[in-house]
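Here is a short report on one protein chain. Keep the sequence and the 3D view open while reading.

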Amino acid sequence: MTDVMEQSGGPAGSGTTPNGTGPADRTEPAPESAPGNRGTGTAEPAAAARIAEIRVRIDEIDRALIELWQERAALSREVGTTRMASGGTRLVLSREQEILERFRAALGADGTQLALLLLRAGRGPL
């Protein structure tokens, strides 16, 4: 996934270069192959190094989130299977509402969307 905040760009200037071929004050992003850039969106070596360090941690968090997502979905499926095998319902709406509210309270509207995805991963579509 591309880090949106790292994307370069902005309004182009209205002047032209000395040879008249384009905007004089337009700043072009450094090419991906520029020394120190390596896909960080900056050619400044210290900033590129810090971005690379941060991305290592982001990747660790992503791996943990994926692992936890998969574990949660498996546990939720087990709850549903156990409930139905004992003559219960496929799902318990009050429990889903509790989860939705917990995520909404902690994360706002995005939390609600995340909770809906988590619930679907565990029980399947309604």
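A residue counts as buried when its relative accessible area is under 20%, as exposed when that area is over 50%, and as partly exposed in between. Arginine 50 has a relative accessible area of 46%, so arginine 50 is partly exposed. The model is predicted.

## Overall layout

The chain holds three helices and zero strands. Along the sequence the pattern reads α-α-α. Of the 126 residues, 17% count as buried.

## Salt bridges

Side chains of opposite charge can pair when their charged atoms come close. In this structure there are six salt bridges. Three of them are described here one by one.

Glutamate 60 is partly exposed, because its relative accessibility is 35%. Arginine 57 has a relative accessible area of 48%, so arginine 57 is partly exposed too.

The next pair joins two helices. Glutamate 96 and arginine 123 meet through their side chains in a salt bridge of 2.6 Å, N to O. This pair links distant parts of the chain: glutamate 96 sits in helix H2, arginine 123 in helix H3, and the two are 27 residues apart. Are these two residues buried or exposed? Glutamate 96 has 10% relative accessibility, so glutamate 96 counts as buried. Arginine 123 is buried because its relative accessible area is 18%. Both values fall under the 20% cut-off.

| Salt bridge | N to O distance |
|---|---|
| Glutamate 96 and arginine 123 | 2.6 Å |

Salt bridges also form a network. Its members are Arg95, Glu98 and Arg102.

## The largest pocket

How much space lies in the largest pocket? About 340 Å³. The pocket is lined by 18 residues, and the closest to its centre are Ser76, Val79, Gly80, Arg83 and Arg123. Helix H1 (45-85), helix H2 (93-107) and H3 are the elements that give two or more residues to this lining. H1 gives the most, with nine residues. By class, the lining of the largest pocket has seven nonpolar, four polar and seven charged residues.

## Between the helices

Some C-alpha distances show how parts of the chain are placed relative to each other. Leucine 100 is in helix H2. With 14% relative accessibility, leucine 100 counts as buried. The C-alpha atoms of leucine 100 and leucine 116 are 7.0 Å apart, although the residues are 16 apart along the chain.

Phenylalanine 103 is also found in helix H2. Phenylalanine 103 counts as buried because its relative accessibility is 18%. Between phenylalanine 103 and leucine 116 the C-alpha separation is 9.5 Å, at 13 residues along the chain.

Alanine 74 lies in helix H1. Its relative accessibility is 37%, so alanine 74 counts as partly exposed.

## A nonpolar surface patch

Which residues make the nonpolar surface patch? They are Trp69, Leu107, Leu114 and Leu117. The patch covers about 350 Å². Leucine 114 has its place in helix H3 (residues 109-123). Leucine 114 is partly exposed because its relative accessible area is 32%. A patch residue needs over 30% relative accessible area, and leucine 114 has 32%.

Conventions. Residues numbered from 1 in each chain as written. Predicted model: local features only at pLDDT ≥ 70, side-chain atom pairs only at ≥ 80, totals over all residues. Heavy atoms only, no water. Patch = residues over 30% accessible without salt bridge, like charges linked within 9 Å, V, L, I, M, F, W, Y side chains within 5 Å. Areas by Shrake-Rupley, 256 points an atom, 1.4 Å probe, with all protein chains shown as cover. Salt bridge = Lys/Arg side-chain N within 4 Å of Asp/Glu carboxyl O. Helix = DSSP H or I, 4+ residues; strand = E, 2+ residues; numbered from the N terminus. Buried < 20%, exposed > 50% of the residue type's maximum accessible area, 1.4 Å probe, protein only. 1 Å grid on protein atoms, 1.4 Å probe; cavity = no way out; pocket = protein on both sides within 12 Å on 5 of 7 lines; lining within 4 Å. Points joined across faces, edges and corners; volume = space filled by probe spheres on them. Nonpolar A, V, L, I, M, F, W, Y, C, P; charged D, E, K, R; others polar.
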